[in-house]
Amino acid sequence: MNESMKAEFRKFLTVRSWWATAIFSALLAVGSAAAASFVTLGLAEELGSPEALLPGDGAVSLYDLSLQVPSSGIVLALFVLGVVATLQVASEFTTGTGLFTFSYAAGRLNILWAKLSVMLVVGLLLIITSYLASRWIAFAVLNSRGFGPGTGGGDLWRELTAVVLSAALIISLAVGMAAIVRSVTVSILVMAVLMFIAPGVLSAFSSNDVAKTISRFVPGSLVDAAVDPLDFDWAWSMSDAGLSNGAALLCLLAWSCLALSGGVLCFWRVDFRRV
């Protein structure tokens, strides 16, 4: 571990709002899954059978819904982790601490990679822990009344891999976006638009084919598609139902690469001028 990473780890642990918000993201994921499991349990008791189809959802059964419960809070948790990532980067410019931080290392890019590395380590540890806890709680609640998928329901490692990859890509997207925008408020607003506002607004125009297509490629929708355990498929495919898990992850990769490339370019231009 180089000096820049050590310094960023120390800073992360020192700033209470950063690590407290990161832990809150994990609690949010677990809490959302727990709440969803009790709502699903109430619906299960009303329908009476795990094979019963949900009203208005076509061929989606109660069993299918129970498989989706553990990941019900993932999008919200990843947004909060994205907020922490933007705080790490953009606050250097907003508060003026960057004058010291960037003069400490040989170049700004070293600091950017150190911040990304710290956030990936912290974020992935939290998201793995929270997903495993969410899965255990959700299935325990549903199985207590005989409506859950059982201890072997779904594919744990496949679904966990999709969640981890989604988290890594969203964190990278947030770091890159903050490096470009350099404003905490604007960076958080952009993340909120990409994760919630744009998918919500576009879904209101689902009857329009263009809006429906665009909504599938917005990060918030891509995370939903990537972690969806139903008909899990790593291959690239797109149907009327949406993108496959693999296709959604590839699109998220494109978003994160674009944002990180822009952030690296902004930081590199400053370093290049110093030479």
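What end-to-end distance should the 26 residues of helix α7 span, and how far apart are its end C-alpha atoms? The legends below begin with that helix, in a predicted model.

**View 1. Helix α7, residues 156-181, along its length.** Most of the helix is covered, with 19 of the 26 residues buried.

**View 2. The packing of helix α4 on α7.** Two packed helices are described by the angle between their axes and the distance between the axes. Here α4 (residues 74-94) and α7 meet at an angle of about 35 degrees, and their axes are 8 Å apart. The crossing is right-handed. On the α4 side, the contact is made by Ile74, Leu78, Gly82, Ala85, Thr86, Val89 and Ala90. On the α7 side, the contributing residues are Val163, Ser166, Ala167, Ile170, Ile171, Ala174, Val175, Ala178 and Ala179. Sorted by class, the contact of α4 with α7 has 13 nonpolar and three polar residues, and no charged ones.

**View 3. Alanine 77 and its surroundings.** Alanine 77 is located in helix α4. Its relative accessibility is 0%, so alanine 77 counts as buried, the cut-off being under 20%. Neighbours within four places in sequence aside, alanine 77 is in contact with Ser25, Ala29 and Ile127. Glycine 123 is 46 residues away from alanine 77 along the chain, and the C-alpha atoms of the two are separated by 9.9 Å.

View 4. Arginine 182 is placed in the loop between α7 and α8 (184-203). Most residues other than glycine have a negative phi. Arginine 182 is not a glycine, yet has a positive phi of about 65 degrees. With a relative accessibility of 26%, arginine 182 counts as partly exposed, because this value falls between the limits of 20% and 50%.

**View 5. Cysteine 257 and cysteine 266.** The relative accessible area of cysteine 257 is 39%, so cysteine 257 is partly exposed. Cysteine 266 has a relative accessible area of 22% and is also partly exposed. Both values lie between 20% and 50%, which means that neither residue falls in the buried or the exposed class. A search of the whole structure finds zero disulfides.

Definitions and conventions
Residues are numbered from 1 along each chain as its sequence is written. This is a predicted model: local features need pLDDT of at least 70, side-chain atom pairs count only at pLDDT 80 or more; totals for chains, interfaces and linings use all residues. Side-chain values use heavy atoms; hydrogens and water are left out. A disulfide is a pair of cysteine sulfur atoms within 2.5 Å. Buried means under 20% relative accessible area, exposed over 50%, partly exposed in between (1.4 Å probe, protein chains only). Helices (H or I, at least four residues) and strands (E, at least two) are DSSP runs, numbered from the N terminus. The expected span of a helix is 1.5 Å times one less than its number of residues. Axes are lines fitted to C-alpha atoms, for helices over the stretch in contact, and angles run from 0 to 180 degrees between N-to-C directions. A crossing is left-handed if the near helix is turned anticlockwise from the far one by less than a right angle, and right-handed if clockwise. Contact means heavy atoms within 4.5 Å. Ala, Val, Leu, Ile, Met, Phe, Trp, Tyr, Cys and Pro count as nonpolar, Asp, Glu, Lys and Arg as charged, and the others, Gly among them, as polar.
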